[in-house]
Structure formats: C-alpha cells, structure tokens
Amino acid sequence: MATKLQILERYFGYSSFRAGQEEVIDALLAGQDAVGIMPTGAGKSLCFQVPALLLPGITLVVSPLISLMKDQVTALVQNGVRGAYLNSSLTWAQYQKALRNARAGVYKIIYVAPERLLTPEFLDFAQEAPVDLVVIDEAHCVSQWGQDFRPSYLDIPEFVDKLPRRPVVAAFTATATPRVRRDILKLLQLRHPFVNVTSFDRPNLYWEVRRPKDKLEELFSLLESRRDKSGIVYCATRKAVEEVCQALQERGFSATRYHAGLEDGERQRNQEDFLYDRATVMVATNAFGMGIDKSNVSFVIHYNMPKDLEGYYQEAGRAGRDGEPAECFLLYGSQDVALNRFLLAHGEENPDLDERTREELLHRAEERLQAMTGYCHTTACLREYILHYFGEHAPTQCENCHNCLGHFLEQDVTGPARQIAACVGQLRDRYGVKMVLDVVRGSKSEKVLRQGFDRYPAYGVLAAYREEELREIVNAMLLQGYLEQSTGAYPTLQRGERAFDLLRGEAEVTMRVSAKNDAAPKARKRPQDLPKGDPALFDRLRQVRAKLSAAQNVPVYVIFSNATLEAMAAYQPTTPAQLLEVPGVGQAKLQKYGREFLQEIQCWQKDHGENPNESPSPSAEAITSP
C-alpha cells in the first residue's frame, strides 16, 4: 500500500508537506475527526485529498460554490485522480450519469452542494456507498458569526447521522475568528476532533491602504506598471464593475468583468479568459473568486472597502498562491463605509431566518464593518492588525506593508479632539459624524440651523479645519477609545471611556500621518523558497505552457504554476527523473507535459552552449514510462 508521501509525490508532485498538513492527514487516517483552520494558499485541499486516495472508500466533499467544485475537480483530473461534482450546473441526465458512475465506484472524491445532501436521490446513493470521509469545505458558512452564513450547512450533521456507518468528518476554512471556530466544533457535531490552526500569515503578500482623491486615476497608475501581470480588481457593486472595466478597456488594458448580473454564458467566457490569461485583469464583485485556484495572480486591488476583514483577507489572499511575492492594495474613500451600510441594510433577505435572528446578524455585520474600517485607518502594521483580528499574535513590525515601510510623523491633535468630544457631549451622543463635524465647522446648513445648533458653544470652533482632516481625527479617536460608534444603518457618535480624561485635560490624542515628500518605500522581502532561473528560459517555458493550455483547453496554472516554471528554469532538468524532482511535478503531469518542457530546456541549453547534465534527449517512451 502506498504511503502518504508517495501519494503526495505521485499525484501532486511535492516531496514534503507544508506546515500543518501532515498532522491533519495523520489524524484523518487514524479515524479521528479533524478541523483545519488554514489561510488561503496554505494547501487545505491536500489535507483531505491525500487521505481520500489512501482510504478504501469514497470521500464526499461538501462545498458551497459551483466554481469551487469545478476548479478542484479539474485540478484533480489533471493530477490523475478521478473526481466528480454534483450541483445545479449539471442537467438531470448528467446528474443521473454521475450518480451511476459514483455507484459503480468510478470516483474516489465527489464534491456536492450542501443543499443536495438530504435530497432523496443523493441520500439513497450515499446510504449505499462506502463513504469513509465527509469533508466540509468553507466550514465558516455554518456559523451565524461568520461572513457567509449558509443555513443549509446546519443540515450536515443530520446527513451524517443518516448514513449507516458514521464516517470520519473533517472541516476546513481559511477565515475563522475564535468565535467562529467554536461554532464549527459545536454545530457540525464533531467528535473529539484534532484541531490544527496554522498561522494566518502570508509573508509573501504586501499590504497597503491608499486614500486617493481620484480612485480611477490611482487604479490606472497601479496597473500601468503591472501590464504584464495577472490581477483582480474587486468592486463593491455591479455598476462599479461595469464602469471600471470599461474605463480600463478604453485605456488599453486587457480587462474583463464578472458579476452576478451577467448572462451565465458571458460570465463563464470572461472567467475562462482570465483563467487562460487571455485577459490579464479581472474586474469583479465578490461573486468572483471562491475556489478559483489561479496561482499566478500577482496583485489584488480593492476599488472599494469590503464589508468585513474575513471577506477582504479571503479575496486579497487570491494573490500569490504560488508563494511568489504579490501585492494587495485597498483604495479607501470615506463613502465606502456608507455604501457598505446601505448594502448590509438592503441585502438579499434569507427566508429561513426569523426577525430576531436577522437583526442579530445585522448587528454582527456592523461589528465586522467597524473592524474593517479600523484597518483602513490604522497607522500600525497592517499585517499585525489582520492577524490580531483572527486571534493570532504577531510582531508589531512586519517590514512588508506600507505602514511599516512608509515614513510617518506623530502629530498631536489633542486640541481639536477635545473640541470634537465636547461637541458630541453637547449633542447628547445622538448624532452621527457628519452632524458633529458640521457643527464644529460652523455649517449654515438647514439641518444645523433648524435644530438651533448654531447657538451651542462648540459651533464653529474648528472652522479652520477641512472636513477630511477632522474625519481623520475622529477615526483616530475611535481607534484609541475616546469615541465610540453605535451600530445600525445610521450610527451615532458617542463618548468613549477615555473621553472624560480628555475633556479634563488629563489625556492627549496623537495620530501618525504620512511625512511630506515621503521617500520611496524600502525594498520588500522576497521569499527564497525556490531558486530563480534565467528569465529568458522562464519566458520560453511560459510559452510552452500557453500552447499546452490552448491545446488541452485548461487554464495555464492547472498545467504548472509560475513557481514550478521558475524552479525548472533554475534546475534545468533534462531527464524525466530530474523533472520529477521539481516541486509541483507529479507522475500524471510528467506523462502529460514532461516531454515538451524537457525538450524546450534542452533546446535552450543548446542555443546557449550549455548542457550541465550531459543527458540525451528524452524519448517519448521515457516520459510515458517513468
């Protein structure tokens, strides 16, 4: 019988496991339930795919999105594993055929939507099949505290109970706060599970928040120097996607679009154009991306602030999945907060929820929005802010985010802060930021004058300040506990615990501001996991990959990631055995693609008068019979 390492190398092309993977695999193979909390790009799928290939029966993977299932099954097939998915994208005839194949033992791994588990057809199949392992992917969907609560996930324990023999159950997610983790353990009814929480840190990702006066011009500037790279631009609304995509196309960028309002056919074509690198930039709402395992995404730009850190970290984490350096930019504007509150208040209602639960979910969403807003305003390390949110301790300096690399000055804003706190008190903690700032700036608006606020002591005391300057001070006060903000569609400013020390002159308020003529940030760290080869050879290998992608009708990253091509360009293997030593090259891909890449490497060596291995040209027989 094959070992876990042999399976890893034979099917997936790696000689060792990443941090956290082996412990979860061992637990599942020992018959123990398991939970894996691992960030995007940490290799969660291998934690259940390796055991699935070692267990005698089949593995069912409960997955929430069609695109996620399709992408993972495509990758499995490329690696020589028979897999299938059962969801609403299949016709009735296709679904029945897939079930017949499943009953015949054709598939080792079957992906299924949670809503399908308790349907008569699927339940009848599952009760007769030798199910050894049930995997719950995106397990945070079971928690009302999570950002993607899905009531159908609550049916999973009932499905497991209906099976004649309880299989091992595993749950995986990339984004789970400590509270969500507790819900996963409780609501999925896991039995004495092995729990592995690996670091949420992605050292290869650079983080930056920008506050441009003109977002579109800032986006043009960012993309201009990245025309040869693949990236995603996330927008909050369909309208923004349309406008941004059109503007990029008019500027000559190779951009396409994706949102739920498009026809299915166009959405699929646009997605494939991006996956196959026919379009280098995808402009999309958050409807795009879950399960899209495109490894060569070099940057993710959020045109609008997302509504929570869970969604932001998951979306931004789609950059740099191959371990290469990648960049995550967020273009923040004060209107983003109001837009997100509107979207939360007018979002699609779930008919399965009662009024009390719906209100509770809205309250929790508001708390997450405030945490996301805090990220956009903090001048501390951005990486530390994210990791702290997910319950992980982190150093206060990461040296790979703008706040750590930039140049800041400490500014004393105690005077205006005290006036703002006094105004909030005079307004009896009943009004929002806009009204407070209108009063201290001496606005003559109809609302201010009608309420008689022009007669208050705070009226006009900060007339010399711009509104944007005062908003920054308010945000600093919120972060430091001098002010608090209520939840709901119309949040009000309230004095925090420290406000009274400030009003008595016993506290000071400071905030970090960017220094004038800010020097260019220091060079960012670059992971050294893999050696770097000759750029010219790397480019030739990319061309080989592009031709194979077109011929096989699969995305380029499904063939080999950029990191694997970099390693090929560095190691320059000329025999099948040497090619198998390259991370990311397994037996199935060696047989499918090895000859083309080996021949290209040998041609390159011949053109440059190099042949360090002095090996003969590999034959077709050598590739098909390694």
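**Figure 1. Glu243 in helix 10.** Glu243 sits within helix 10, residues 238-250. Helices (H or I, at least four residues) and strands (E, at least two) are DSSP runs, numbered from the N terminus. This is a predicted model, in which local features need pLDDT of at least 70 and side-chain atom pairs count only at pLDDT 80 or more, while totals for chains, interfaces and linings use all residues. Residues are numbered from 1 along each chain as its sequence is written, and side-chain values use heavy atoms, with hydrogens and water left out. Glu243 counts as partly exposed because its relative accessibility is 46%. Buried means under 20% relative accessible area, exposed means over 50%, and partly exposed lies in between (1.4 Å probe, protein chains only). Tyr456 is 213 residues away from Glu243 along the chain, and their C-alpha atoms are separated by 44 Å.

**Figure 2. Val556 in helix 23.** Val556 belongs to helix 23, residues 556-559. Its relative accessible area is 4%, so Val556 is buried. Not counting residues up to four places away in sequence, Val556 touches Leu275, Tyr276, Asp277, Asn296, Arg545, Ala546 and Ser549. Contact means heavy atoms within 4.5 Å. Arg542 is 14 residues from Val556 in sequence, and the two are 8.8 Å apart in space, C-alpha to C-alpha.

**Figure 3. Helix 24 and its neighbours.** Helix 24 covers residues 562-571 and is mostly covered, with eight of its ten residues buried. The buried residues are Asn562, Ala563, Thr564, Leu565, Glu566, Ala567, Met568 and Ala569. They pack against helix 22 (535-552), helix 25 (576-580) and helix 26 (587-607). Gln572 follows helix 24, and the phi of Gln572 is positive, near 50°.

**Figure 4. Helix 1 packed on helix 3.** Two packed helices are described by the angle between their axes and the distance between the axes. Helix 1 (residues 4-12) and helix 3 (residues 44-54) pack at about 105°, and their axes are 10 Å apart. Helix 1 is therefore roughly perpendicular to helix 3. Axes are lines fitted to C-alpha atoms, for helices over the stretch in contact, and angles run from 0 to 180 degrees between N-to-C directions. Angles under 35 degrees count as roughly parallel, over 145 as roughly antiparallel, 65 to 115 as roughly perpendicular and the rest as oblique. Helix 1 brings Lys4, Ile7, Leu8, Tyr11 and Phe12 to the contact, and helix 3 brings Leu46, Gln49, Val50, Leu53 and Leu54. Of the residues in this contact of helix 1 with helix 3, eight are nonpolar, one is polar and one is charged. Ala, Val, Leu, Ile, Met, Phe, Trp, Tyr, Cys and Pro count as nonpolar, Asp, Glu, Lys and Arg as charged, and the others, Gly among them, as polar.

**Figure 5. Helix 13 beside helix 14.** Helix 13 (residues 335-345) packs with helix 14 (residues 355-377) at an angle of about 160°. Their axes are 11 Å apart. Helix 13 and helix 14 are therefore roughly antiparallel to each other. Val337, Asn340, Arg341, Leu344 and Ala345 of helix 13 make the contact with Leu362, Ala365, Glu366, Leu369 and Thr373 of helix 14. Six residues of the contact of helix 13 with helix 14 are nonpolar, two are polar and two are charged.
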